[in-house]
Amino acid sequence: MPLTARQLAALEAVDGYMDGGMGAAPKSYPEAAVQEKTAAVPAGGKVKLLDTREPGAVVGLKLRIQGLEDTPGADWDALAALTLSACWDGEEQPSVWSTLGGFFGSLTGLHPYASLPMGVEEDGTLYCYWYMPYEDGAEIVVGNDGDRPYTIEYAITTVPLTREAAVDKLRFHVKWNRAADPEKTDRWPDARFLYTEGQGRYVGTSLHVYKEIGTGDPAYQPDWWWGEGDEKFFVDGEKFPSWFGTGSEDYFGYAWGTWRPFQRPYHSQPFTNGGMFGVGNRLNNRFHILDSVPFQTSFDANLEKYHRDGYRNWAFTSYWYLEKRGGWTPTARVPWPSVHPTTGAPARTAPPSSRGRICPSSSRPVCARPRPRIWPPSPAIPGTAASSLFSRATI
């Protein structure tokens, strides 16, 4: 059956957006309100971007750090020192906690790229269009774990929701963590980068790969590269993964690997400086917009890690949705060496302390160290900005 004129026009509009319109909001909301401000974030301090007790949803977040243009590597430092956290519905432990670079899929500096849910514009503006609903209010905070102050410009777009509409929507979650070398168990070489309990959907991850050791090491082999290692997603406590991939580079959207940056709506490699096998950094993003992974009781995400730290260091930022006050996943924060892509000088990929990681509604520091499994059962769901995708009934 041939497509109607309306269907053809819709396909043409989507194709035009995907081909050259990404960076603009994928959906317009007539009732949207935009809050634009400039704020100073002192060293060791924090600033509140959003503080509301009304039901609604964040549908857009843009942020730009001032004064980074004249210092090589300053963007790298700022994206590691600044953090972003969000507490929905008065919760004490944040549903969102990440370095700023990790949250926007840009840990390795302000390298422009455009994808559907987030990206970096040419002037260094970071944007995010994940749908973030809340029923009893929201608090979004930028913290500064660094030793120098920063000034940020930001714009937050929100839409109102009735409490009846908000109560059934699932909450947005983000966590930054380091995937350490896997232990020699029956699950080796699986390196876990996300575990959560409850009902929900997994929607993606950003991976920073750093290779410290190169051909100067006599134990180094040329084919020891980051891309070997399958992704495995264990759903609802299963013993064999429902999702068993064919290789890390395949998962991030470019089989056989490439040392060149690229961007697509659902995956990207915004930066690489080490060639195919060489020492250095690369960044890969993978967003499950059309293929989000649903789970009813638990989700356990792993990537096979065959070579020890030094040959392959990993830092992940994962994205998923859970029900209101759903389960919480701890963030393991282990500093590890890295280098500026422009200066070659050592740099860190994570802030050195737990400063700035306190929800505005609580005096308790959060995510300060790895925790045992003490969280209650949780739930979740993501997808596109269509509100029906965020209802528990669709899981």
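Modeller: With β15 and β21, which pair in the antiparallel sense over five bridges.

Biologist: What makes β15 and β21 a pair?

Modeller: Two strands (DSSP runs of E, at least two residues, numbered from the N terminus) pair if DSSP finds at least two bridges between them. β15 and β21 have five bridges, so they meet the definition of a pair. Within that pairing, Phe-234 has Asp-300 in β21 as its bridge partner.

Biologist: What kind of model is this, and how are residues numbered?

Modeller: It is a predicted model in which local features need pLDDT of at least 70 and side-chain atom pairs count only at pLDDT 80 or more, while totals for chains, interfaces and linings use all residues. Residues are numbered from 1 along each chain as its sequence is written, and side-chain values use heavy atoms, with hydrogens and water left out.

Biologist: How many bridges join β15 to β16?

Modeller: Two bridges join β15 (residues 231-235) to β16, and the strands run antiparallel. Phe-233 has Trp-243 in β16 as its bridge partner.

Biologist: Which strands make up the sheet, and in what order?

Modeller: The open sheet has four strands in the order β13-β21-β15-β16, with antiparallel pairing. β13 (190-197) and β16 (243-244) each have a single partner strand and stand at the edges, so one side of each is left without a neighbour in the sheet. Seven bridges join β13 to β21, and Ala-191 stands opposite Leu-303 in β21.

Biologist: Why is β21 called mostly covered?

Modeller: Buried means under 20% relative accessible area, exposed over 50%, and partly exposed in between (1.4 Å probe, protein chains only). In β21 (residues 298-304), seven of the seven residues are buried. In a regular strand the side chains alternate between the two faces of the sheet. Both faces of β21 are covered: Ser-298, Asp-300, Asn-302 and Glu-304 on one side, Phe-299, Ala-301 and Leu-303 on the other.

Biologist: How many residues of β22 are buried, and which strands pair with β22?

Modeller: In β22 (residues 313-322), 10 of the 10 residues are buried. β12 (residues 171-179) pairs with β22 over nine bridges in the antiparallel sense, with Trp-176 bridged to Thr-317. β14 (residues 200-211) is joined to β22 by 10 bridges, also antiparallel, and Arg-201 has Tyr-321 as its bridge partner.

Biologist: Is Thr-258 buried or exposed?

Modeller: Thr-258 has a relative accessibility of 16%, so it counts as buried. Thr-258 lies in the loop between α5 (248-251) and β17 (262-263).

Biologist: What does Thr-258 touch?

Modeller: With contact defined as heavy atoms within 4.5 Å, Thr-258 touches Gln-269, Met-276 and Arg-282, not counting residues up to four places away in sequence. The side chain of Thr-258 also reaches the backbone nitrogen of Arg-260 at 3.1 Å.

Biologist: And Leu-3: where is it, and what is its relative accessible area?

Modeller: Leu-3 sits in the segment before α1 (5-21). The relative accessible area of Leu-3 is 45%, so Leu-3 is partly exposed.

Biologist: What share of the chain is buried?

Modeller: Buried residues make up 58% of the 395 residues in the chain.

Terms used
A polar contact is a pair of N or O atoms within 3.5 Å; within protein, one must be able to donate a hydrogen and the other to accept it, and residues adjacent in sequence count only if both atoms are side-chain atoms.
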